[in-house]
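Q: Hi! Could you walk me through this fold while I have it open in the viewer?

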Amino acid sequence: MGLNGKMVSQASIKSDGDVFHEIFRYRPHHISDMSPGNIQGVDLHEGEWGTVGSVIFWNYVHDGKEKVAKEIIEAIDEEKKSVTFKVIEGDLMELYKTFILTVHVDTKGEDNLVTWTFEFEKLNESIEDPNSLMEFCLNVTKDIETHHIQQQQA
């Protein structure tokens with residue numbers, strides 16, 4: 001097992017994939033309303049929402065513990081509906097030298113697929129792969145989907 005790793009996981013959603021991408025690009029600060037058990041707050045520290053180079057600060061609960069992450073938006077691809085975040089400070093930096101998350105949405109009619117990709121370098125061999133963090137991201141995805149389905153029905 002090396003120090004460098006990559007994990008990919010997917011979740012099928014029934015809600016609008018374009019809206020899902022838009023949330024992660026322009027409105028991540030709304031996610032705390034959609035997934036309050038997981039995300040406590042999202043603040044913009046530098047730049048503008050939805051622009052490469054912007055710095056976003058997340059307060060979240062992972063594995064029952066309050067945690068923080070400061071991320072820079074590294075890339076946005078409107079055609080592929082993807083946003084890439086690089087973690088630059090926070091709890092993950094205690095375990096990883098680098099941690100990059102990409103959230104990508106495939107939209108095909110009513111079937112939309114959200115793909116989470118983690119690329120990371122562990123600080124040492126004893127650190128486990130971020131499986132529970134991937135589960136966390138999939139849970140946030142489900143919460144966002146549930147929120148949007150409820151909004152459409154209201």
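A: Happy to. A definition first: rings of Phe, Tyr and Trp pair if their centres lie within 6.5 Å, with the six-membered ring used for Trp. With that in hand, Y96, F99, F118 and F120 form one aromatic cluster. Bear in mind that this is a predicted model.

Q: Good to know. How many aromatic pairs does the structure hold?

A: There are eight aromatic pairs. One of them joins F24 and W116, which sit edge-to-face at 5.4 Å centre to centre with 85° between the planes. F24 is in helix α1 (residues 17-26) and W116 is in strand β7 (residues 111-122), so this pair links distant parts of the chain, 92 residues apart.

Q: Are F24 and W116 buried or exposed?

A: Buried means under 20% relative accessible area. F24 counts as buried because its relative accessibility is 4%, and W116 counts as buried at 4% too.

Q: What else is F99 in contact with?

A: Leaving aside neighbours within four places in sequence, the contacts of F99 include F85, V87, L92, M93, P130 and L133. K86 and E119 are also among them.

Q: Which residues have the most contacts inside the largest nonpolar core?

A: Those are F24, W58, F99, W116 and F118, in a core of 36 residues. Helix α3 (residues 131-153) gives the most to this core, with seven residues.

Q: Let's switch to the sheet. In what order do the strands come?

A: Seven strands form an open sheet in the order β1-β7-β6-β5-β4-β3-β2, with antiparallel pairing. β1 (4-13) and β2 (39-46) stand at the edges with a single partner strand each, so one side of each has no neighbour in the sheet. On average, neighbouring strands of this sheet are turned by 25° against each other, direction ignored.

Q: And how many bridges do β4 and β5 have?

A: Strand β4 (residues 65-77) and strand β5 (residues 82-90) pair in the antiparallel sense over eight bridges. D77 stands opposite S82 in β5. Their hairpin has four residues between the strands, and K81 takes a positive phi near 55° there.

Q: What about β5 and β6, how many bridges join them?

A: Five bridges join β5 to β6, and the two run antiparallel. V83 stands opposite V103 in β6. These two strands form a hairpin with five residues between them.

Q: Where is W49 placed?

A: W49 is in the loop between β2 and β3. W49 is partly exposed, with a relative accessible area of 24%. Beyond the neighbours within four places in sequence, W49 is in contact with R25, Y26, P28, H29, V42, D43, L44 and I56.

Q: Now the helices. Which strands does α1 lie across?

A: α1 lies across β1, β3, β4, β5, β6 and β7, running at about 150° to β6. α3 lies across β1, β2, β3, β6 and β7, running at about 25° to β1.

Q: Which residues of α1 are buried?

A: G17, F20, H21, I23, F24 and R25 are buried in α1.

Q: Last one: what caps the N-terminal end of α1?

A: D16 does: a side-chain oxygen of D16 lies 2.7 Å from the backbone nitrogen of D18.

Conventions: Residues numbered from 1 in each chain as written. Predicted model: local features only at pLDDT ≥ 70, side-chain atom pairs only at ≥ 80, totals over all residues. Heavy atoms only, no water. Phe/Tyr/Trp six-rings, centres within 6.5 Å; stacked < 30°, edge-to-face > 60°. Buried < 20%, exposed > 50% of the residue type's maximum accessible area, 1.4 Å probe, protein only. Core = buried A, V, L, I, M, F, W, Y, C linked by side-chain atoms within 4.5 Å. Contact = heavy atoms within 4.5 Å. Pairing = 2+ DSSP bridges. Axes fitted to C-alpha atoms, helices over the stretch in contact; angles between N-to-C directions. Polar contact = N/O pair within 3.5 Å; in protein donor to acceptor, adjacent residues only side chain to side chain.
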